[in-house]
Amino acid sequence: MRAEETDVPRLPRGVKLKFDQVRSRHVLLAPERAFNIDETAAAVLELVDGQRTCGQIVDALAARYDEKREVIADDVRDMIGSLIARRVIET
Amino acid sequence: MSEIATVARKEVSEGTRPEAAPSVGHPIGILAELTHRCPLRCPYCSNPLELERREAELDTATWKRVLSEAAALGILHVHLSGGEPTARPDLVELTAHCAAEGLYTNLITSGIGRASGMIDALSEAGLDHVQLSVQGASAETGDRIGGYKGGHAAKLEFARKVTDLGLPLTLNAVIHRGNIHEVEDIIALAVALKARRLEVAHTQYYGWAYVNRAALMPARPDVDRSVALVEEARRRLEGILVIDMVIPDYYARYPKPCSGGWGRRTLNVTPTGRVLPCHAAESIPNLEFWSVRDRALGDIWQSSPAFNAFRGTDWMREPCRSCDRREMDFGGCRCQAMALVGDAAATDPACSLSPFHARVEALATEEAAAVAPDYLYRTIGGAPAKAPEGAAS
Ligand code: SF4
Ligand code: SF4
């Protein structure tokens, strides 16, 4: 699954991004699942707020990182899409 | 991004990423069996045959201490379970305590008894997720299996309350010969109830399920059909319903990595405070379990003889010792090796490389073909005198 630029993703109740002090990394906690979140993924998830579209999330990241917008867009849409498929993100 | 934990309590067929780990890492999940009391009487209940009584249960202060120690140990998910956990009046207080400690709380409930009256307060206290059991797709099947009239209808009512509160809902259905023909309807029920997740959990034969095995064992063709149905539904319902499946291992080729490997990811605390590597571990004789009444949880995780007995791969014999899969399934389930082969350090006979595997498969086939005996319903003080046949007998 791939998210559209116009989708507005949000973390529903029961899904939480947390900094795990013991392992010194971010984890995304969901029903019966825990995802290991690296810095890049955390940067995306911190922008998932139920307000921004995927396109706006890409814009924000493109302004911050030295990478082509289309490359970032592919990554963001794939990542968000895979989490939608697993019912971890809603739109 | 990688998935580090999937259904830590019982390994599933999808999305697990077993990884080589140091012998004592940080646990990720704790199953808090708050009580053995439950209004239902499921004949496959994973609780032990000798059920604990209310008087012997840990008090609120001890549970709070244990849950704080769990958070400090790196545990992420707390599964508030039983029995029926809402039988404990302090459940709201314990849930709030977990939330304050930053723990993700999962309520594992039958939805019967006090559950409905308590769910608003639990939600308010910061509960993260509800896992509701159903015994079938219809009231007739469900009430017969759970041994409780009106139970199924009460569960549906409870499920609606949960989703109305915006809480994520998982339906858990233990599958056996008495309901395997309803798998398709159970999937439809999960969608209708707006569950985000469904567990199609083929019965694992421990505790009460082991003594009821002949009444529960499904036939191979029915198992294959239900597995195919789940696979089809997963594709059809992507983005709507996540379906996790526990494979029936008497018919499997390789065993499941029980609890993600012994003493590797999860721990269980019984109602009276004993700490177990898995819920059936007390069925293994001569293991020394430590109690949270006497020691801190971290000390038990690191040093308890029961946890160290089968940690890692050093304890293994052939064929596991030299097998490529030894860090994937850790030789399978110790309790199943004990129950079926009489030796907890043997290869799980669910594995096709075990010399006992053919006998286990034949046992399953014979039992599934015979007329199903009546259920021995779970009751406190109702443990049977005699265990069913193993593979070595
Ligand atoms: S399996 Fe059935 S009897 Fe056992 S705790 Fe769950 S609901 Fe109660
Ligand atoms: S021989 Fe042991 S390690 Fe190999 S697949 Fe079977 S149970 Fe797993």
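**Entry 1: A:Glu90**

I began with A:Glu90, which is buried, with a relative accessible area of 18%; buried means under 20% relative accessible area, exposed over 50%, and partly exposed in between (1.4 Å probe, protein chains only). I note that this is a predicted model, in which local features need pLDDT of at least 70, side-chain atom pairs count only at pLDDT 80 or more, and totals for chains, interfaces and linings use all residues. Residues are numbered from 1 along each chain as its sequence is written, chains are lettered from A and ligands numbered from 1 in the order in which they are written, and side-chain values use heavy atoms, with hydrogens and water left out.

I then looked up the partners of A:Glu90. Its side chain meets that of A:Arg10 in a salt bridge at 3.2 Å, N to O; the term requires a side-chain nitrogen of Lys or Arg within 4 Å of a carboxyl oxygen of Asp or Glu. A:Glu90 lies in the segment after α3 (69–85) of chain A and A:Arg10 in the segment before β1 (16–20) of chain A, so this pair ties together parts that are 80 residues apart in sequence. Helices (H or I, at least four residues) and strands (E, at least two) are DSSP runs, numbered from the N terminus. A:Arg10 counts as partly exposed at 36% relative accessibility.

A:Glu90 also forms a salt bridge with B:Arg196 (3.8 Å, N to O). That pair crosses between chains, from the segment after α3 of chain A to the loop between α6 (183–192) and β7 of chain B. I found both A:Glu90 and B:Arg196 buried.

**Entry 2: other salt bridges**

I searched the whole structure and found 31 salt bridges over all chains. One of them joins B:Glu282 and B:Arg274, with the closest N and O atoms 2.6 Å apart. B:Glu282 is partly exposed at 30% relative accessibility, and B:Arg274 is partly exposed at 27%. Shared partners link A:Arg10, A:Arg87, A:Glu90 and B:Arg196 into one salt-bridge network.

**Entry 3: chain B against chain A**

How many residues of each chain are in contact? I recorded 42 residues of chain B and 31 residues of chain A, contact being heavy atoms within 4.5 Å. The buried area between the chains is about 2,900 Å², of which carbon and sulfur atoms give 51%; this is the accessible area (1.4 Å probe) that two parts lose on being put together, summed over both.

I counted 3 salt bridges between chain B and chain A. On the side of chain B that touches chain A, β1 (2–6), α1 (60–72), β3 (77–81), β4 (104–109), β5 (129–134), β7 (197–202) and β8 (242–246) each give two or more residues. β1(B) gives the most, with 5 residues.

**Entry 4: aromatic pairs**

I found 5 aromatic pairs over all chains; rings of Phe, Tyr and Trp (its six-membered ring) pair if their centres lie within 6.5 Å, with planes under 30 degrees apart counted as stacked, over 60 as edge-to-face and the rest as tilted. The ring centres of B:Trp262 and B:Phe310 are 5.2 Å apart and the planes at 90°, so this pair is edge-to-face. Both B:Trp262 and B:Phe310 are buried. B:Trp262, B:Phe310 and B:Trp315 form one aromatic cluster.
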